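Q: I would like to go through this structure with you. Could we begin with the basis of the model?

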Amino acid sequence: PARGGGKGWEYSDRALNLLKMYLRAFPWLPAGSRAVRVGDTYPLANFLPGVPKAQAQAQVHAAHEWLKQQPVSSRPLVSADSQVASQDAIQTLQAALPPPVPGIRPVVLENVAKELLIPAISCHR
């Protein structure tokens, strides 16, 4: 949803680029999603009319697998109300970090609870 309770949705440039790649890889998707749905589903024939059911199912499976292979698929959804630290704040935090240890390569972590990264705060404060 849009920030501040506005109507509509907001998307990042990365999300839009991913959508463009998806639509290039699977150009048959938009037409099928604009067709009439039945309950909460869209008939497979809406997406790939005239294509045998087994082939259509294979193409839908390929689209699903493509999405799962994208790095963004493992990232959590972020609320439109979330806030991001300013560039100055990020630079200050980075400057306060100890220097890297020689010989140890950095590791990229995704979906790690902050409690696992930040030392426990004493309950005797």
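Predicted model: local features only at pLDDT ≥ 70, side-chain atom pairs only at ≥ 80, totals over all residues.

Q: Which residues make up the largest nonpolar core?
A: Nine residues do: Tyr 22, Phe 26, Trp 28, Leu 29, Phe 47, Leu 48, Ala 56, Ala 63 and Trp 66. Such a core joins buried Ala, Val, Leu, Ile, Met, Phe, Trp, Tyr and Cys residues through side-chain atoms within 4.5 Å; buried means under 20% relative accessible area, exposed over 50%, and partly exposed in between (1.4 Å probe, protein chains only).

Q: Which helix gives the most to this core?
A: Helix α4, residues 53–69, with three residues. Helices are DSSP runs (H or I, at least four residues), numbered from the N terminus.

Q: Changing topic, how many salt bridges are found?
A: A search of the whole structure finds one, where a salt bridge is a side-chain nitrogen of Lys or Arg within 4 Å of a carboxyl oxygen of Asp or Glu. Lys 68 pairs with Glu 65, their closest N and O atoms being 3.3 Å apart.

Q: Where do Lys 68 and Glu 65 lie?
A: Both are in helix α4, three residues apart, about one turn of the helix.

Q: Is Glu 65 buried or partly exposed?
A: Glu 65 is partly exposed, at 24% relative accessible area.

Technical notes: Residues numbered from 1 in each chain as written. Heavy atoms only, no water. Helix = DSSP H or I, 4+ residues; strand = E, 2+ residues; numbered from the N terminus.
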